[in-house]
Protein chains: 2
Amino acid sequence: MYAQASAKIELSSYVARQSPALVFDGATAQPVSFFPAGAEIYAQGEKAGVLYQVEFGAVRIYRLLADGRRQISAFHLAGETFGFEADTTHHFFAEAINATGVRVFRTPSGMDMSRQILPLALRGLTRAQEHLLVLGRQNAIERVAAFLVEMSERQGGLQQVELAMSRNDIGDYLGLTIETVSRVFTRLKEKGVIRLLSLRSIEILKRDTLLAMGE
Amino acid sequence: MYAQASAKIELSSYVARQSPALVFDGATAQPVSFFPAGAEIYAQGEKAGVLYQVEFGAVRIYRLLADGRRQISAFHLAGETFGFEADTTHHFFAEAINATGVRVFRTPSGMDMSRQILPLALRGLTRAQEHLLVLGRQNAIERVAAFLVEMSERQGGLQQVELAMSRNDIGDYLGLTIETVSRVFTRLKEKGVIRLLSLRSIEILKRDTLLAMGE
DNA sequence: CGATCAGTTGACCCAAATCAAGCTCCGTGG
DNA sequence: CCACGGAGCTTGATTTGGGTCAACTGATCG
């Protein structure tokens, strides 16, 4: 696990949205660690314990099958906390998507952090369960629509949405191939539902249509 | 929400496995409520608050799309606790699959149950995230294999597995149609991986094969 | 014993995967 | 400043796994 600052870190678009004052009572905060794009933050099977809070950038949480198929179970954006587990082992991988700053919290052994962690765990649980509906019962357009709505809402409901992740990541989050994701984006553009300002920057033109698609 | 004892309750196969001594400290336990097959325990949008512990029977947690598509996000068997939410509202439906007994725990307002609930929430989160991999990246055989392994392990790893739920429920849990579930069961029978003792009772003949399939 | 509901099986179809080119956007170095 | 190279993305042709539709079978229960 390495945490080196990459030569050049693009901050402009990754500034922590609401510099989150959430500092865990009793937990000792380490200085921010930097991870360059693609760097592993922790791996499945590693010992768990510390908590991570995204300062800027974005993180993907995922699992792999033996043959390399990947499922991203969650993205964590600026302000969000991750790294807690049911036992002392990590069950997933965590990687920086872009140049990412992460604040590490060590919880003194014997200290009970339940009160602080429970709401995070519950929100994660609800999100995961809602995502199950998307993966289990929605088609490609519905999945992408749900994804764009989710990203928009997590960025304050603005019509301009910044995607920190590649089409590949989106595919592995939505259970689709990169080609299908690309085709759906094209379809949504043709329908005038969205507009691409750049590859990773999307403007939502017809929010209602998108919402209706994501059901 | 009704909780009437059905005329005749089949207990024999639904006796609580390990009569779970888990009684929440400080929470006041109500007597066991009975729900006949198909009865609603709570609905999406209802006010949340109390916790439920399955005494016998089984419960399905699910969500619906506008057109009726259903995704079951979890099954809860004897001994398991459910009903906690991120806020004061239920985001899912909970229904008794069969005649089911549920112990209700009211938590006195002002009382902090974080310590007791967190491990439950974390295990639920891990399970949900693992299920995301199944729904996002596995094919029909792999899904059914993973399901049978999961059910077996949750019943103590015995080779004989009792399925509390219908093929329809299994389909809505695995993101498959009832026909596909049925066809996969047939294929697994033909391959000699499982044997049906009855429709809802399955014997695992080749555990290793099943494990390898579920990856 | 029918009646009914759950499950199985078969024929056909379609949405998304796969396979295969291209294209676009950048970063790098001449 | 432009040529080059490569990764990321798009588009098209084809295939296929699982969905849909439909008929049948088998269990369960008045």
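This is a predicted model: local features need pLDDT of at least 70, side-chain atom pairs count only at pLDDT 80 or more; totals for chains, interfaces and linings use all residues.
Modeller: Residues are numbered from 1 along each chain, chains are lettered from A in the order written, and side-chain values use heavy atoms, without hydrogens and water.

Biologist: What makes strand 10 and strand 11 of chain B a pair?

Modeller: Two strands pair if DSSP finds at least two bridges between them. Strand 10 and strand 11 (residues 201–204) of chain B are joined by 4 bridges, so they pair. They run antiparallel. Arg195(B) stands opposite Glu203(B).

Biologist: Why is strand 9 of chain B called an edge strand?

Modeller: The open sheet has the order 9-11-10. Strand 9 (160–162) of chain B pairs on one side only. Strand 10 (194–198) of chain B is an edge strand too.

Biologist: How do you know that Thr186(A) makes a polar contact with DNA strand D?

Modeller: A polar contact is a pair of N or O atoms within 3.5 Å. A polar side-chain atom of Thr186(A) lies 2.5 Å from a phosphate oxygen of DNA strand D, so the pair qualifies. For Ser182(A), the distance to a phosphate oxygen is 2.8 Å. Arg183(A) has a polar side-chain atom 2.9 Å from a base nitrogen.

Biologist: Which helix supplies the largest share of the surface near DNA strand D?

Modeller: Helix 4 of chain A, with 4 residues.

Terms used
Helices (H or I, at least four residues) and strands (E, at least two) are DSSP runs, numbered from the N terminus. A polar contact is a pair of N or O atoms within 3.5 Å; within protein, one must be able to donate a hydrogen and the other to accept it, and residues adjacent in sequence count only if both atoms are side-chain atoms.
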